[in-house]
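Let's take a walk through a protein structure together.

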Amino acid sequence: MSFPGTVIGSDQILQLLDQAITETNRLGRQDLAGRLTAQRDQVTSGAWHVLVAGEFKKGKSALVNALLGVPVCGTDAVAFTAVPTIIRYGPAPAAEVVLDSGQRRTIDPAQAARYATEGAIGEEARLESVEVALPRELLRGGLVLIDTPGIGGGFAAAAAASTMRAMSLADAVLVVSDASQEYTAAEVELLRRAAEICPRLLCVLTKVDFYPEWQRILEINKGHLRRAGLTVDILPVSSVLRDTALQSGDQPLNAESGFPALVNRLRAQLAAQREAVSSTRAAEAVQSSLAQVAGTLDVEHAALTRPEEQAATLQRLDQARERATGLRTPDARWQHVINDRFADVQSRADEDLQARMRRLEQEASDRIKAGDPAREWAEIVPWLYQRTNEELTDAHTQMMKLINDVVEEVGRLFDGEVAMIGQLTGGGYQRPTAGDGLRLDQLSIRGPGKLELGMHAARGWSLSSSVVTTLVVATLHPGFLVVLPITAALGTVFAVKAVHGFKTARVEAARTEALRSVAGYLNQARVDANRAVQNILRHNRAQIRDYYLDRATELAMTAQAEHAATVRAVHADRSSAQQRASQTATDLARVTTLLDEAGRVRGVRPR
Amino acid sequence: MTFADRARTLLAEAVTAYRGRPAERRLLAVTRHMDEPLRVAIAGRVKAGKSTLLNALVGQRVAATDAGECTRVVTWYTHGEQPSASAHPRDAEPRPLRLEPRGTALVLDLGDLRADDLNELRVEIPSSWLTRMTLVDTPGMGSLSESVARQAQEFLAGDTDRAADPDGVDAVVYLLRQLHATDVDFLEVLSDAQFSHSTPVNAVGVLSRSDEVGGGGPDAIEQAQRIATRYRDDPRLRSLVQTVLPVSGLLGEAGATLRPEEFADLMRLAGLPAETTAPMLLSADRFVAAPSVPVPADRRHRLVRVLGMYGLRLSLDALRQRGAAARRGDLVALLTRRSGLPELRRLLLTQFAERRDVLKADSALRAIDAVTRADPIDAAPWLRQQVERLRVSAHELAEIRLLTELRTGLVPAAPDQLAHMDRLLGGEGSAVGTRLGLPPEAPDAEVRAAIAASHGYWRRVAHSPLSEPVLVRAAEVLMRTCEGLAATLPPARATVRVAPPPE
């Protein structure tokens with residue numbers, strides 16, 4: 001079946017982009033046209049990651065399958081989903097597994113479900129994730145669905161911290177529970193934390209076909225959310241009804257399954273986010289590209305009409321070209337700043353993690369030494385998980401904030417350079433600086449700011465409104481941050497039935513055992529978190545560097561183009577100069593109109 | 001004569017010897033306790049389906065079941081000629097409560113009493129099942145309400161000698177839902193089992209709500225079997241419970257309480273053409289909302305609540321196959337069979353009851369021993385001597401101890417050896433065939449050969465100079481087990497073949 005209106009994003013912005021692409025191409029700036037084309041793709045089908053998370057056996061995989069109408073995720077009554085499955089649009093079905101060594105291997109798409117539940121290729125290798133491309137209409141607009149392994153025990157689950165990390169990078173999160181039972185306290189806590197870290201949250205209540213009392217459970221759950229101060233909607237769905245409806249083409253049944261409502265909700269969120277972010281960024285890209293083109297036209301026009309200034313202009317343009325080229329070298333100051341600051345963030349993040357884990361180990365060991373850990377183990381474990389998740393989530397948020405600060409700093413520095421170049425070229429256009437695409441001026445920097453900021457709890461700081469998200473992380477898979485729950489779980493150390501009574505020797509032995517396993521767990525949690533830190537930093541650093549390198553290249557091209565135009569003007573005979581002058585004036589008028597329009601589009605879109 | 005019988009005889013002799021003395025009362029209390037039905041506590045996390053299972057075991061809706069949290073006080077259910085109930089407050093005398101019949105259910109009226117102030121509730125109802133086992137419903141552990149969780153914990157723990165404690169329980173049923181190994185709840189279930197007075201010989205795990213497994217498809221019960229098998233193999237669970245059985249309390253409850261008018265409604269629905277019922281059975285909502293069906297919507301709502309979607313589909317399928325010849329009894333039997341309840345009952349009433357008798361006999365012996373020391377009458381030395389003699393010869397007790405040691409990893413042996421020992425000691429069932437790993441229909445000769453082979457094997461282990469002392473002791477117990485098994489067989493018939501009559 002087909003879904004109407006897969007292309008999301010306003011026609012107005014697409015038209016503007018198309019015109020800007022035509023203009024930049026016509027005026028010989030294929031590089032700028034390329035950037036605008038990439039922007040256009042971003043608006044129509046840029047990846048929009050939706051993470052599907054929740055407890056075990058709540059029907060997450062069945063939900064994804066029912067959304068797509070294809071059994072791509074493994075659903076089994078007995079087996080559990082072992083690794084995340086990432087599903088995006090592709091012209092033909094294709095699938096790959098990512099091994100824990102980072103290698104990729106092509107697999108039969110029909111086998112994707114099996115790999116996701118087994119989580120390994122026999123004895124040979126463990127998997128990190130499964131990636132599937134499917135020619136589904138639903139995915140065409142850029143929607144990427146990420147089915148995740150369940151977590152056991154809400155925010156007090158062993159794997160909650162990695163789920164939180166992934167949530168913070170996802171564009172939206174579907175939190176799945178089923179109608180067999182109301183939310184547990186731990187689930188509500190997870191939702192509360194998730195709402196802090198990812199503002200686009202939606203709850204889904206599955207299996208409503210099977211439980212006659214689902215409406216009561218829904219009401220009870222709504223009450224839980226209200227009391228937790230959460231304004232999150234819960235959508236009831238039935239994957240079974242959806243599958244039946246898709247097979248038989250029964251429209252009323254499809255509506256009853258709740259899936260059309262869910263699809264509409266996802267679409268609406270996607271559209272709203274495109275409107276708020278992608279379109280604004282596209283308008284900004286149009287402005288900054290066209291301003292460069294306009295600058296070139298203006299310089300050429302001036303050279304043609306005021307030949308007496310030619311020599312001075314050429315001199316200035318030489319300088320500008322030199323400066324712009326200098327920006328591209330590894331010696332450029334902004335590059336140094338990126339290197340230094342990222343190294344700084346890295347070491348701070350490491351220290352921070354270590355300090356937090358040490359503190360936590362102390363807390364845990366105090367608690368263990370105060371009592372009989374064998375008896376209290378069932379309370380200690382969820383407590384420790386919860387505390388670890390708190391610390392790791394704070395550490396993660398804090399690091400993202402630091403990265404954001406670095407990006408801002410680099411942006412300001414780069415803007416300064418661009419402004420200097422602008423003065424040299426002296427075109428009649430107030431050029432929006434290259435970094436303006438980031439809209440630094442509109443960012444409210446909270447707290448003391450910069451790297452001097454201590455590693456305090458950064459809860460409540462949302463990544464979604466930051467520079468980093470709009471510029472960088474949109475391309476990083478949240479799925480990669482979902483650590484397999486097995487890697488960091490406290491075992492049941494005291495599985496052997498303990499001797500009853502309070503015997504000192506046994507208690508001492510239990511304490512030793514407990515301390516050892518707590519230390520092991522915290523160490524593993526730190527290693528996992530460190531790995532996530534490395535991934536995020538490496539990725540962000542590369543993205544930011546590439547972004548500014550591209551901008552620097554454009555600037556150099558612009559200076560080069562202006563220089564060439566001026567030289568052409570110098571050598572032009574009178575009649576061709578006149579002809580060329582009127583041509584540039586016409587071109588300039590057209591580009592200026594477009595520029596004004598881009599300004600309007602950008603102005604009316606509140607951020 | 002079993003160990004328990006011998007202990008009972010000795011106890012009677014002790015009672016006679018102490019007639020008229022203060023110790024007589026204590027010995028009589030022990031005697032009474034030995035004759036009481038098996039006490040089974042039902043424990044598990046919140047919403048695991050404890051009360052539903054209890055109703056299914058009693059055969060009547062006595063415990064409140066609801067989508068929300070309900071059982072808040074430890075409640076004893078025993079057999080009585082007339083339904084009656086009493087509340088036992090913490091700081092006051094027990095007082096009677098009203099027990100009102102409402103439909104097929106009995107509703108307990110707490111009046112102005114607050115659940116938090118109560119120690120326990122006692123309910124007596126006429127039920128043939130309750131003559132054989134007393135059931136104890138416990139509040140859910142892991143409850144959001146602190147005091148409720150503490151009640152359950154206190155009830156199941158308590159640092160007294162379990163078997164001798166007149167208020168203790170003989171068996172514990174732990175309800176588990178399908179959990180992942182890293183699930184925090186899983187750990188809590190383990191911990192609950194670990195710190196209650198249960199051992200792997202008197203505790204059983206129940207994978208509850210088996211009709212909901214995998215979304216409640218037609219193969220839900222089979223899938224639940226697979227999950228239970230997995231649980232059985234989990235060493236952590238093996239050290240805590242005898243085995244894990246999949247049970248659907250809802251199906252069991254429905255089977256036990258299905259009313260004739262409900263059956264009639266089901267028959268009417270089963271009589272409808274499949275084209276009418278198939279869309280109705282897609283979802284609970286559709287089943288209730290379907291227009292122009294000969295059974296009114298409120299009665300359909302009741303049916304789906306009583307049976308659940310799985311039970312409803314199962315019942316209608318079965319009734320349709322039978323046609324007009326279908327009887328209520330057949331449906332009840334089908335629901336009960338699918339619920340897994342008969343297996344649970346069998347386990348409790350045979351194996352657990354046998355072991356309970358052994359453990360109780362052991363504590364009775366201890367009571368006699370204590371009494372003879374506290375009040376050394378003339379008969380005391382003889383009684384003590386008898387106690388010693390009984391204890392030494394009580395192979396049943398040795399078997400139970402060894403089984404517990406095996407399960408808790410105290411016996412150093414290879415995995416296949418451990419499995420063999422476990423089975424031979426009755427870890428999977430106490431029938432002779434089961435212990436030997438033979439099918440029930442195996443001929444005596446084969447059984448005899450298997451016993452001989454086992455006996456020979458364990459004798460070699462016991463005599464091997466390389467065996468560790470603990471293993472030697474275990475092997476000796478197992479040799480005696482084999483001898484005991486051989487004794488249960490009819491004497492080997494003379495192997496004289498009678499020639500066929502001549503043509």
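This is a predicted model: local features need pLDDT of at least 70, side-chain atom pairs count only at pLDDT 80 or more; totals for chains, interfaces and linings use all residues.

Let's begin with the big picture. Chain B is built with 21 helices and 10 strands. Of its 503 residues, 43% count as buried. Now think about who touches whom: among the contacts in chain B with a separation of 6 or more, 72% are between residues 24 or more positions apart. Chain B also comes in four pieces: domain 1 (1-35 + 340-397), domain 2 (39-248), domain 3 (252-338) and domain 4 (411-492).

Next, find the sheet. It is an open sheet of 10 strands in chain B, with mixed pairing, and the strands sit in the order 5-4-3-6-2-7-1-8-9-10. Strand 5 (105-109) and strand 10 (244-246) of chain B are at the edges, and each has a single partner strand, so one side of each has no neighbour in the sheet. On average, neighbouring strands of this sheet are turned by 25° against each other, direction ignored.

How do the strands hold on to each other? Strands of a sheet pair through backbone hydrogen bonds, either parallel or antiparallel. Look at strand 1 (residues 38-44) and strand 7 (residues 133-137) of chain B: they run parallel and are joined by 5 bridges. If you want one pair to look for, Ile42(B) has Asp137(B) in strand 7 as its bridge partner.

Helix 7 (residues 220-233) of chain B packs on it, touching strand 9 (203-207) and strand 10, and its direction makes about 170° with that of strand 10 of chain B. Helix 15 (residues 341-374) of chain B lies across strands 1, 7, 8 (171-176), 9 and 10, running at about 125° to strand 1 of chain B.

Zoom in on strand 9 of chain B. Strand 8 and strand 9 of chain B run parallel, with 5 bridges between them, and Val173(B) has Val204(B) as its bridge partner in strand 9. Strand 9 also pairs in the parallel sense with strand 10 of chain B, over 3 bridges; there, Val206(B) stands opposite Leu245(B). In a regular strand the side chains alternate between the two faces of the sheet. You can see this here: Ala203(B), Gly205(B) and Leu207(B) point one way from strand 9 of chain B, while Val204(B) and Val206(B) point the other way. Because 5 of the 5 residues are buried, strand 9 of chain B is largely enclosed by the rest of the structure.

Among the buried ones are Leu250(B), Leu251(B) and Glu253(B). Their cover includes helix 3 (50-58), helix 13 (297-322), helix 14 (328-339) and helix 15 of chain B.

In chain B, 13 residues of domain 2 are in contact with 10 residues of domain 3. On the domain 2 side, helix 3 and helix 7 of chain B each supply at least two residues, and helix 3 of chain B gives the most, with 3 residues. The residues on that side of domain 2 of chain B divide into 4 nonpolar, 7 polar and 2 charged.

Definitions and conventions: Residues are numbered from 1 along each chain as its sequence is written. Chains are lettered from A and ligands numbered from 1 in the order in which they are written. Helices (H or I, at least four residues) and strands (E, at least two) are DSSP runs, numbered from the N terminus. A residue is buried if 20 or more other C-beta atoms lie within 10 Å of its own, exposed if 12 or fewer, and partly exposed in between; C-beta atoms are placed from the backbone. Two residues are in contact if their C-beta atoms, placed from the backbone, lie within 7 Å. Two strands pair if DSSP finds at least two bridges between them. Axes are lines fitted to C-alpha atoms, for helices over the stretch in contact, and angles run from 0 to 180 degrees between N-to-C directions. Domain bounds come from an automatic or database domain assignment. Ala, Val, Leu, Ile, Met, Phe, Trp, Tyr, Cys and Pro count as nonpolar, Asp, Glu, Lys and Arg as charged, and the others, Gly among them, as polar.
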